[in-house]
Every structure is written in C-alpha cells, then in structure tokens.
Amino acid sequence: MIRTVITGITGRMGSTLLRLTRDAEDLQVVGATERPGSAAVGLDAGLAARLGALEVQVVDDLARALDTATADVVIDFTSAEVSVAHAKMCAARGVAFVCGSTGFSPEATALLVESAKAIPIVAAPNMSVGVNVVIRVAAELARVLGPGFDVEVLEAHHRMKKDAPSGTALRLAEVLASALGRTQDDLAFARHGQIGARPPDEIGVQTLRGGDVVGEHTVYFFGEGERIELTHRATSRDQFGLGALRAARWVVGRPPGLYDMADVLGFQRTS
Ligand SMILES: NC(=O)C1=CN([C@@H]2O[C@H](COP(=O)(O)OP(=O)(O)OC[C@H]3O[C@@H](n4cnc5c(N)ncnc54)[C@H](OP(=O)(O)O)[C@@H]3O)[C@@H](O)[C@H]2O)C=CC1
Ligand SMILES: O=C(O)C1=N[C@H](C(=O)O)C[C@H](O)C1
C-alpha cells in the first residue's frame, strides 16, 4: 500500500483525488489537509468531500499530518505558493511529492527545485495522459512544419480559475518555442489596438474564461491556404487525478530530483 496524503481536499482537484485514491486498491489515504480557517478542518475527510466517511481527520497543517501518520507521498493541487511550502515540509521529512499546481513564478520554481534536492518530486501543469501526448505531438508538428506556419495556443477554462494563461498553455508555448528555436521573448500574451503585422517568430498564447469548462487547449498552425488545429478537451477532472495517482506510484522510491509527467510516462523530454 502506498500511504498517501492529499492536500486541499475540498477543492475541485482535492476532492477528485480523494475519491480516486479511496477507490484505488494499492493506495491508502493516511492524511488530508485544508486551508487554515476552512470549515472542513476537524471533520472526517470523506465527509468533508461528500464521499462518505474515511476515518481520516482533516488538519490545517501538512507538517502536522506528516508528523501524525507515516506517509510515502503527498499529492498536492492547491496553488503554487502553497505547493512550495508543502514541498519544503516533505523535503524535511523525506516524503515524495506530486505537484499539480500551476501559476509558478520563477522564484517559486527555484524553491521547488531546492526541495527536489532532498526528495523526488513530480511536477506537471497537466497530468492527463492525453495532454502529455498532445505536448509531444505539438513539438513534432512544429519541427516538421517549420517557420512557414504561424503558431498560436488557445486555452479555455472555468470561471473560477485563478491563473492565466493555464500552466498547460505555457508549457505548450515553451515546448513549441524550443522546437522552433525561439525564446520566451517571442511569446505574445495579449494583443490590442494598432498592433501591426504579426511578427513571424511570434507564438501567441490566448486565454478564455467562463462557465464550468474543465480545460481545453488548441495549438493552431496557420499556413498559406491550410491550417492544422491540435485540440485536447478535458470533460472530467478524473484524467488529471488518475495521472497524479500514476505519478504517485512512480515517484515513491525514486532518487531525489524534479521529474515531469514525461518521465512518468516514459516519454523523451520535449524541452
Ligand atoms: N496538473 C494538473 O493536471 C491540474 C492542475 N490544476 C491546478 O491545481 C490547482 C488547484 O486547482 P483546483 O482544484 O481547481 O482549485 P481549488 O481552488 O478548487 O482547490 C484548491 C484547494 O486548496 C485549498 N487550500 C488553499 N490553501 C491551502 C493550504 N494552505 N493547505 C491546504 N489546502 C489549501 C483551497 O482552499 P480554499 O478554497 O478555502 O482557499 C482549495 O480547497 C490550480 O493551480 C490548478 O491550475 C488543476 C487541474 C489539473
Ligand atoms: O485550473 C484548472 O482547472 C486546470 N489547470 C491546469 C492548467 O493550468 O494547465 C490543467 C487543466 O487544464 C485544468
């Protein structure tokens, strides 16, 4: 049994992860956390996430959860800021860490890298197998099509999403830039007014927000007289959660380091 702690268990992903972990034969929920001040703190985690009793009490501090129960791995989909603090707590205790949060600043990424010197961490902006295949295929398409095609990334998410563009869109843009020999400076996150002709090296990254959209990403390759559209549409959060569980199984027992879903899935890294 892989002893698992899940953070943010009343969140969209936290509650999904709690249900999927409860239903997995080789994983056991040994801890659950929520934000300090949350009404869920002190309740049974299963009841707080409307799943039925699990006999694991929600606590408001991951350090306490880890000091109370022996854990092999923490799965964390909260926010970049909280994940960085949680990774540090895991590093201090030698517990593996799976991080699905997005919205990382360069400084937050550096802190995650620091924790990964002590423990194995899988961090990926999207844990669905389908999206990770799309990332690979997008890089290959960019290489094959070359500079004659204008590349744009479009993402759409639910109205509650806090970060923009999505972590997945950013990853796609970075991978496409790398495949085309371009840099961060070529990414265009907004267009407004008299912008003039599109610079040939530009990679546009655009955001839509609304309703309950789970997550949609399209890479456009606009050519002369033709275009290719590569789209992934998530219609359930389960595929993100199942990917995270796969990462948890893979990461326990690995040497310290910062790993990606490409490592978990056995893909060659695209950037
Ligand atoms: N990698 C992937 O495949 C995916 C990544 N994501 C990313 O995961 C993150 C979470 O997304 P989502 O589930 O939609 O967001 P939610 O806001 O629904 O969930 C986050 C949860 O974490 C809680 N939380 C906040 N601070 C703490 C803390 N200190 N300790 C414990 N829990 C805390 C929040 O509580 P409160 O609301 O009270 O603040 C909330 O319940 C985002 O960054 C999102 O982009 C999402 C889907 C897939
Ligand atoms: O916040 C979300 O919901 C999602 N976030 C991830 C991202 O920012 O890429 C992945 C997924 O599309 C859902």
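Which polar backbone atom is 3.5 Å from a nitrogen atom of ligand 1? One of Gly-8.

## About the model

This is a predicted model: local features need pLDDT of at least 70, side-chain atom pairs count only at pLDDT 80 or more, and totals for chains, interfaces and linings use all residues. Residues are numbered from 1 along each chain as its sequence is written, chains are lettered from A and ligands numbered from 1 in the order in which they are written, and side-chain values use heavy atoms, with hydrogens and water left out.

## Two domains

The protein chain is assigned domain 1 (2–127 + 237–265) and domain 2 (129–234). These bounds come from an automatic or database domain assignment. Taken over C-alpha atoms, the centres of domain 1 and domain 2 are 28 Å apart. Contact (heavy atoms within 4.5 Å) links 12 residues of domain 1 with 13 residues of domain 2.

## Ligand 1

Ligand 1 is surrounded by 22 residues, each with a heavy atom within 4 Å of the ligand. The closest are Met-13, Glu-34, Arg-35, Thr-102 and Met-127. An oxygen atom of ligand 1 lies 2.6 Å from an N or O atom in the side chain of Glu-34. For Met-127, a polar backbone atom is 2.8 Å from an oxygen atom of ligand 1. On its own, ligand 1 has 920 Å² of accessible area, and the protein covers 80% of that. Such areas come from the Shrake-Rupley method with a 1.4 Å probe.

The space taken by ligand 1 is the largest pocket. On a 1 Å grid over the protein atoms alone, a pocket is an open set of points where a 1.4 Å probe fits, with protein on both sides within 12 Å along at least five of seven lines.

## Ligand 2

Ligand 2 also sits in the largest pocket; to sit there, more than half of its atoms must lie within 2 Å of the grid points. The residues around ligand 2 include Asn-126, His-157, His-158, Lys-161, His-217 and Phe-240. The shell holds three nonpolar residues, eight polar and one charged. Gly counts among the polar residues.

A polar side-chain atom of Thr-168 is 2.5 Å from an oxygen atom of ligand 2. In Thr-102, a side-chain N or O atom lies 3.5 Å from an oxygen atom of ligand 2. Pro-125 has a backbone N or O atom 3.5 Å from an oxygen atom of ligand 2. The protein covers 86% of the 330 Å² of accessible area that ligand 2 has on its own.

Where does ligand 2 lie relative to domain 1 and domain 2? Both domains give residues to the shell around ligand 2, so ligand 2 lies between them.

Key
A polar contact is a pair of N or O atoms within 3.5 Å; within protein, one must be able to donate a hydrogen and the other to accept it, and residues adjacent in sequence count only if both atoms are side-chain atoms. On a 1 Å grid over the protein atoms alone, a cavity is a set of points where a 1.4 Å probe fits but cannot get out, and a pocket is an open set with protein on both sides within 12 Å along at least five of seven lines; lining residues have an atom within 4 Å of a point.
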